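These are my notebook entries on one structure. I set down what I looked up, entry by entry.

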Amino acid sequence: MILLTKKESNDFAAEDSKNKDLEAYREDSKGKLLTTNQGVRVSHTDDSLKAGPRGPTLMEDFHFREKLTHFDHERIPERVVHARGSGAHGYFQPYESMAQYTKAKFLQDPSKKTPVFVRFSTVVGSRGSADTVRDVRGFATKFYTEDGVYDLVGNNMPIFFIQDAIKFPDLVHAIKPEPDNEIPQASAAHDTFWDFVANTPELAHMILWVLSDRALPRSYRMMDGFSVNTFKFVNAEGKARFVKLLWKPLLGVHSLVWDETQKIAGKNPDFNREDLWEAIEMGDYPEFELYVQMIEEEDEDKFDFDILDATKFWPEELVPPKKIGKMVLDRNPDNFFAETEQVAFHPGHVVPGIDFSNDPLLQGRLFSYLDTQLIRLGGPNFAEIPINRPLAPVHNNQRDGYHRMAINKGKTSYFPNALRDSDPKPASKEQNGYVHYAEKVEGQKVRQRSEKFKDFYSQASMFYNSMSEPEKEHIIKAFHFEVGKVKNTQTRQRIVDLFSNVDSDLAVKIAEGVGANPPSGPMKRASEKSSPAVSMADTVKDTIKSRRIAILAMNGVHSADLMTVKKELEMQGAHCKVISKSLGSLKSVDGSDVAVDMNFISTASVVFDAVYVPGGKESVEALKTNGEALHFINEAFKHCKPLGATGEGFDLLMASNIPGLENLAKAGAGVVSDRGIVLARQTADLDAFAKQFSQAVAQHRHWNRKEKMQVPA
Ligand code: HDE
């Protein structure tokens, strides 16, 4: 294989340059003949070479041996964490020059697009685990910049479990399946994890995030991304500032509900992966805006938390994020293994203008990511794997090793030398050589942490204070589930005791569900503060773009209802699927055919964002006697999803177990709505209905359904 030569030209960052650069590596067998890996054409691949039709296979069958040997070696070790992931290509473009703050070239010119590859992931589960488990999500971005590769290896929550990387193996061992029986898969709901929590108070804050709705993202396209660790921006004058970087999705931050996630894990374990893939295939390109929070070096000690502590976030109200630019993910990978599996991220992949802080979690990460690639990708040449190759030219004296791709010319592989004039020479600062920020560092060698790190509870309490009532309710329920699965009663009690340091009221509520004693002594809260930005309640709620809407129908459906409403929803960017008892098509009341997209048996309400039932007496009467249709409605109500009905469609809702529909039933003409249930009895009101229904869909979930727990589903 021949490496492409690379242009060191100014037109470097063309949107598809990465694509072109990899052309020599792509293989497409369409219309081609079968060959061995040596290029020899193969005439027969169904039978191994044998001594007679019933005789033993012969050693000389090089095709058989090559095929089987390659197959036997197809697997590489999965990532020790973040094993399950999904990737996408795209580009990043700044809105304005950030030259004042950083000299990173990809943040200077608003007309320039930098290619990116993003890998989203869950943390705990193995490669084949379900997408919708309760977990932190990884959000790692590789920028192929003209200065070299920059990796922003973040998560969808702004803080982390622990403060020092030395505890990472303990954390991961505790949360992974238990070592004797390897149970449970992709879940924190077991004894060893909560035992670790009970013994490690620095986890208290992160536990609240992990038990919040953020751990159940509706889509990778609808979650934030955070650098978590503190980095530095350094400008051309050499001035440095502390920074945290964050992505915000243009569609807003939205989540699933716990009962729903568990059902999806069975119905469609690839739910988030498929959502990302299909969105890109359909042109609903995921979009995220990049922001930076900056703290001047002289303000380092101004806050009541330590800005190097990764278990603390920088409240947006104190350190407002500045918008930098936008990322668009517009291309699916060609090959999962070659790209998504082999991509190697590393927080130490930085470019001039971006530097590190002394955050002890980050410092440890700087060791671990390079180290892990050596075992996972089989040696030191992983940067030569196509997905990892920088677009910037690579010249150095590193040589050999497993799977070396570069064919280095010349006799010298050392520096300095006279035989080749010492090339490649180190770049001066003017030539954009990376110069580490000359931060003054001194101190005694100690295994200690700074005093402010030891405040484990104030921000945890602030986070809880910032939650809306439904968000608080979900956190408490999550405690009841997670801690409820812990068999050791002492551990359950110790969790209640731990959280009594955060908020006694919360601890009382946890205790109620897990058979533990409530905290004794005076009620207390570690903080009275709140930070509204951490709540998801005020996220973007003005679009239904790319939302999935189920339309339930049978023969005799009122096609005018169905088509008018569907058209309006699709015009606003939603995707509608007609669901019926069988695939094929339905005869509508006016005799026209309506195509069915899915049958009840192959789908479920949990994989949709909203449900609409059009009118048509015969259709609705048939749905009323169909248990799957009734279950669909009950479940969507229980998960607080928008429900819409026109004409007789409402009779299906009335036949379901949804309580409190009397007021809607009494309503006359016009469009009426209650708790996210939208209804129009008259055909004349279809347009107004579609508008009001789409507003209900844009709200995502309607939490004010107090009776939801009464509904069997
Ligand atoms: Fe990671 N982490 N991590 N991590 N991490 C890995 O690297 C590690 C941490 C994150 O899609 C591993 O290539 C240590 C914080 C993501 O390929 C490993 C510590 C954050 C991904 C590793 C942390 C992350 C990883 C495993 C200090 C958010 C997946 C495979 C306690 C800012 C990247 C690999 C992908 C992957 C180590 C903590 C994010 C073992 C030692 C904090 C998104 O190197």
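How many residues of S11 are buried? I found that five of its five residues are buried, and S11 is mostly covered. Buried means under 20% relative accessible area, exposed means over 50%, and partly exposed lies in between, with a 1.4 Å probe and protein chains only. Helices (H or I, at least four residues) and strands (E, at least two) are DSSP runs, numbered from the N terminus.

**Basis of the entries**

I note that this is a predicted model, in which local features need pLDDT of at least 70 and side-chain atom pairs count only at pLDDT 80 or more, while totals for chains, interfaces and linings use all residues. Residues are numbered from 1 along each chain as its sequence is written, and side-chain values use heavy atoms, with hydrogens and water left out.

**Strand S11 and its sheet**

I looked at the directions of the side chains next. In a regular strand the side chains alternate between the two faces of the sheet. From S11, Arg548, Ala550 and Leu552 point one way, Ile549 and Ile551 point the other way, and all are buried.

I then looked up the pairing. Strands of a sheet pair through backbone hydrogen bonds, either parallel or antiparallel. Two strands count as paired if DSSP finds at least two bridges between them. Strand S11 (residues 548–552) pairs with strand S12 (residues 575–580) in the parallel sense, over five bridges. Arg548 has His575 of S12 as its bridge partner, and Leu552 has Ile579 of S12.

Which strands form the open sheet, and in what order? I recorded seven strands in the order S15-S12-S11-S16-S17-S19-S18, with mixed pairing. Strand S15 (598–599) and strand S18 (671–674) are the edge strands, each pairing on one side only.

I located Leu679 in strand S19. Leu679 counts as buried because its relative accessibility is 0%. Leaving out residues up to four places away in sequence, Leu679 touches Ala645, Phe650, Leu664, Gly670, Val671, Val672 and Phe689, where contact means heavy atoms within 4.5 Å. I also looked up Ser585: Leu679 and Ser585 are 94 residues apart in sequence and 26 Å apart in space, C-alpha to C-alpha.

Arg675 lies in the loop between S18 and strand S19 (677–680). Its phi is near 50°, a positive value in a residue other than glycine. Arg675 counts as buried at 9% relative accessibility.

**A hairpin**

Strand S13 (residues 584–587) and strand S14 (residues 593–596) pair in the antiparallel sense over four bridges. Gly584 has Val596 of S14 as its bridge partner. The hairpin of S13 and S14 has five residues between the strands, and Gly591 there takes a positive phi near 90°.

**Backbone exceptions**

Most residues other than glycine have a negative phi, and most peptide bonds are trans. I therefore listed Ala186, which has a positive phi of about 55° although it is not a glycine, and is buried, with a relative accessible area of 7%. Ala186 is placed in the loop between helix H3 (168–175) and helix H4 (191–199).

Where are the cis peptide bonds that I looked up? One joins Phe415 and Pro416, with omega about 0°; another joins Asp423 and Pro424, with omega about -5°. Pro416 lies in the loop between helix H9 (360–376) and H10, and Pro424 lies in the loop between H9 and H10.

**Helices H10 and H11**

Two packed helices are described by the angle between their axes and the distance between the axes. Helix H10 (residues 458–466) and helix H11 (residues 469–484) pack at about 125°, with their axes 8 Å apart. That angle makes H10 oblique to H11. Axes are lines fitted to C-alpha atoms, for helices over the stretch in contact, and angles run from 0 to 180 degrees between N-to-C directions. Angles under 35 degrees count as roughly parallel, over 145 as roughly antiparallel, 65 to 115 as roughly perpendicular and the rest as oblique. Phe463, Tyr464 and Asn465 of H10 meet Lys472, Ile475 and Ile476 of H11 in this contact.

**Pro315**

I found Pro315 in the loop between strand S8 (287–296) and strand S9 (322–331). Pro315 counts as buried at 4% relative accessibility. Not counting residues up to four places away in sequence, Pro315 touches Gln293, Phe305, Gln459, Met462 and Ser531.
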